[in-house]
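Please look over the sequence and the model shown here before reading on.

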Amino acid sequence: MKLIGFFNRDGGTFRTTDMEAYEKHAERVFREAGHDFEAMVFPGKEIVPAMERAARRDDIDGIVAGGGDGTISAASSIAWKNGVALGVIPAGTMNLFARSLRIPLDIWQALDVLAAGEVDHVDIASANDRPFIHQFSAGLHARMVRYRNSYSYRSRLGKMRASTRAAFGVVLNPPEFEVEFEAIGIKERRKVSAVSVSNNPFGENALLYADTLTSGELGFYTAKPLKPWGVARLAIDLLRGKVRENADVMIMHPAEVHLHFPKVHSKANCVMDGELLPLARDVALKLHPGELKVLVRQGLAAQVDETERREPTS
């Protein structure tokens with residue numbers, strides 16, 4: 001394959017990596033595997049435009065993106081829109097998409113796996129036509145991200161500390177708002193503290209990432225209006241990977257969800273793949289089964305049980 005690598009030197013692990021050595025090593029690994037490969041290192045503010053320019057070329061088969069979840073989300077969107085394959089080097093804090101793809105979290109091992117890997121087709125989702133690979137959320141999560149962004153931090157550890165501080169703030173001050181939803185023939189209006197729609201249902205893990213990206217379903221979650229003790233209990237269940245057992249959470253697995261926020265405030269926010277954005281009054285969420293081409297470990301696609309590649313819930 002003809003591939004171009006884009007590494008965000010400002011992203012997580014790369015901040016403490018000799019990027020010149022990593023760039024040369026990446027080129028050697030991919031070329032020894034038979035690929036036409038060129039690697040480039042960019043600061044965070046320049047990497048997305050560079051990937052967009054490359055993906056529009058008609059002489060490449062894919063891009064390999066290295067960075068945090070924000071970089072990987074942007075790269076996924078670019079790859080999907082341009083029909084090229086995506087390789088993921090997990091250099092961020094959470095690396096949620098890489099975990100779902102079962103890519104090694106070590107940035108050096110990831111190179112070996114991708115260079116010797118194969119192309120698979122996985123699901124990607126969109127909210128009002130804007131693609132996302134992890135989740136769209138409003139309420140608790142958006143408030144936590146807003147709190148976290150108000151704190152100063154410069155390192156991965158600092159971000160984790162800010163997130164912990166923000167989480168405690170949300171526990172003490174949970175939101176409550178109204179939402180109307182329509183999914184799999186059900187239309188309902190309810191008060192909630194949280195709404196989340198994920199690209200494939202979350203697995204039983206504390207980080208809330210999908211165990212598979214080929215189910216053909218969204219994960220749709222709402223939480224009833226919660227008091228501080230209810231938020232704390234939900235947080236504990238999330239850490240245990242047992243959110244399905246929480247009586248305050250409703251879960252559905254549709255292929256499409258339409259949300260309407262009748263009393264949305266002008267400063268209300270949502271979160272898409274970790275990015276805080278203005279919340280629209282109406283949001284149409286849709287899954288696009290098998291439309292994103294990704295590089296995965298050789299033989300992994302064949303190991304995925306066919307029951308994971310099923311039709312959306314009717």
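The protein chain holds nine helices and 16 strands, where helices (H or I, at least four residues) and strands (E, at least two) are DSSP runs, numbered from the N terminus. Its radius of gyration is 20 Å, close to the 20 Å that the globule rule gives for 314 residues, so the chain is as compact as a globular protein of that length; the radius is taken over C-alpha atoms, and the rule is 2.2 Å times the number of residues to the power 0.38. This is a predicted model, in which local features need pLDDT of at least 70 and side-chain atom pairs count only at pLDDT 80 or more, while totals for chains, interfaces and linings use all residues. Residues are numbered from 1 along each chain as its sequence is written, and side-chain values use heavy atoms, with hydrogens and water left out.

Taken along the principal axes, the C-alpha atoms of the protein chain fill a box of roughly 55 × 45 × 35 Å. Of the 314 residues, 53% count as buried, a word that here means under 20% relative accessible area, with exposed meaning over 50% and partly exposed in between (1.4 Å probe, protein chains only). The accessible surface comes to about 14,700 Å², and 50% of that belongs to carbon and sulfur atoms; such areas come from the Shrake-Rupley method with a 1.4 Å probe, and for residues only the protein chains shown count as cover. Among the contacts (heavy atoms within 4.5 Å) with a separation of 6 or more, 71% are made by residues 24 or more positions apart.

Strands of a sheet pair through backbone hydrogen bonds, either parallel or antiparallel. Strand E3 (residues 62-67) gives an example of the parallel kind: five bridges join strand E1 (residues 2-8) to E3, and six bridges join E3 to strand E4 (residues 85-90), pairing being assigned if DSSP finds at least two bridges between two strands. Within these pairings, Leu-3 has Gly-62 as its bridge partner in E3, whereas Ala-65 stands opposite Val-88 in E4. E3 is mostly covered, as six of its six residues are buried. Gly-62, Val-64 and Gly-66 point one way from the strand, and Ile-63, Ala-65 and Gly-67 point the other way.

Leaving aside neighbours within four places in sequence, Phe-6 is in contact with several residues, including Met-40, Phe-42, Ile-47, Ile-63, Val-64 and Ala-65.

Elsewhere in the chain, six strands form an open sheet in the order E12-E11-E10-E7-E14-E15, with antiparallel pairing. Its edge strands are strand E12 (249-252) and strand E15 (275-278), each of which pairs on one side only, and the twist averages 20° from one strand to the next. Inside this sheet, strand E7 (residues 135-139) and strand E10 (residues 194-199) pair over five bridges, and Ala-138 has Val-195 as its bridge partner in E10. Helix H6 (residues 140-149) packs on the sheet, touching E7, E10, strand E14 (269-272) and E15, and its direction makes about 85° with that of E7; axes are lines fitted to C-alpha atoms, for helices over the stretch in contact, and angles run from 0 to 180 degrees between N-to-C directions.
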